[in-house]
Amino acid sequence: MTLLDRAIVRALPVVPKPVVQAISSRYIAGRRIEDACSVAAQLNEVGKMATIDVLGEEIDTAHEARAIRDSYLGALAAIDLEGLDANISVKLSALGLELNGGVAARHLRTLVVEASERANFVRIDMEDSARTDQTLRIYRKLRHAGHENVGIVLQSYLRRTLDDIAGLGELRPNVRLCKGIYVEPPEVAYQGYEEVRQNFVAALEALLDAGCYVGVATHDEVLIDAAERMVAARELGPEEYEFQMLLGVRERRASELVSAGHRVRIYVPFGEEWYSYSLRRLQENPKVAGYIAADTIGRVLTLGGRSGR
Ligand code: FDA
């Protein structure tokens, strides 16, 4: 994290909202489910799949958690109605993980059942390390209750991840593997760029060895190359894994992966909460602000529209 990244983040709250909106619009589909569906349809047209995320993890009341659940139910219905190749990604805190009484687990189950009735799938995003145990517990419970259309996320920056893979082995989980976006202390997370990469490769190897379906979620060229080599060495068919990227990031590379015969899924966030979400994400992890600033400046300098990298 550089001084420039920190400076950008400190300046964010005074940046006019329309400017933040203009920058965020590349990464966020819009305010409404119709916006997310329209982006998903465009992605489908060029051979990419989507996963739709309703923005709004900072909720305080049961009413807000229900509203997020209902937005997801609307998303599942819209995906079905429009015949989109898209599933949903859900943060348990947005469904009420911090509220009492197992609210989040109940709402998640409702979504998983609804998704199953619509032949669809629910991915549980992974949040900060304080929530890892709870998230894995809720995932296991669903699987033990016989729900197959649900997957988890594991983060390669966490020191525990290889143990988690070993512990989940008997469930043969469907896993999105990513580096991890939250700022974590050295006791729980590797801090070095190379260490996180090496653990990503080790985790991917372990997951593929265990016969898991993996969503390889990275824009890091070294890891994309490593994953391509691993799936080729194992002679996996394109339906046995997928690559995943964020909306607006390395779009051209994602298209190249599609042309090379890989399945690629794009994470498509939408919602009224786009502004607080954008600020929070950037403030939590100033490195992302640095990427966006570099990318935005790069596009201005080349006078391009949506750049692909
Ligand atoms: P790295 O951070 O090294 O980025 C490689 C290159 O990609 C950068 O040099 C930059 O050019 C570009 N880049 C990366 N992120 C960018 C951005 N936001 N804007 C512009 N350029 C960017 N994390 C988590 O903790 N829990 C989760 O559930 C998820 N879910 C998830 C889903 C999907 C589909 C993806 C792709 C990622 C996540 N993540 C996540 C985020 C993930 O943990 C990680 O923070 C980012 O993907 C960045 O890591 P990379 O592997 O891309 O490498």
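Me: How many Å separate an oxygen atom of the ligand from an N or O atom in the side chain of Gln155?

Reply: This is a predicted model: local features need pLDDT of at least 70, side-chain atom pairs count only at pLDDT 80 or more, and totals for chains, interfaces and linings use all residues. Residues are numbered from 1 along each chain as its sequence is written, and side-chain values use heavy atoms, with hydrogens and water left out. A polar contact is a pair of N or O atoms within 3.5 Å. For the ligand oxygen and the Gln155 side chain, the distance is 2.9 Å.

Me: Which side chain has an N or O atom 2.7 Å from an oxygen atom of the ligand?

Reply: Arg176 has a side-chain N or O atom 3.1 Å from a nitrogen atom of the ligand. The 2.7 Å distance to a ligand oxygen belongs to the side chain of His219.

Me: How much of the ligand's accessible area does the protein cover?

Reply: Accessible areas come from the Shrake-Rupley method with a 1.4 Å probe. On its own, the ligand has 930 Å². The protein covers 89%.

Me: Which element gives the largest share of the shell around the ligand?

Reply: Helices (H or I, at least four residues) and strands (E, at least two) are DSSP runs, numbered from the N terminus. β4, β5 (175-178), β7 (241-246) and α12 (286-302) each give two or more residues to the shell. The largest share is four residues, and it comes from α12.

Me: In which sense do the strands of the barrel pair?

Reply: Two strands pair if DSSP finds at least two bridges between them. Strands β3 (residues 122-124) and β4 (residues 150-155) pair over two bridges. The closed barrel has eight strands, running from β1 through to β8. Its pairing is parallel.

Key: Polar contact = N/O pair within 3.5 Å; in protein donor to acceptor, adjacent residues only side chain to side chain.
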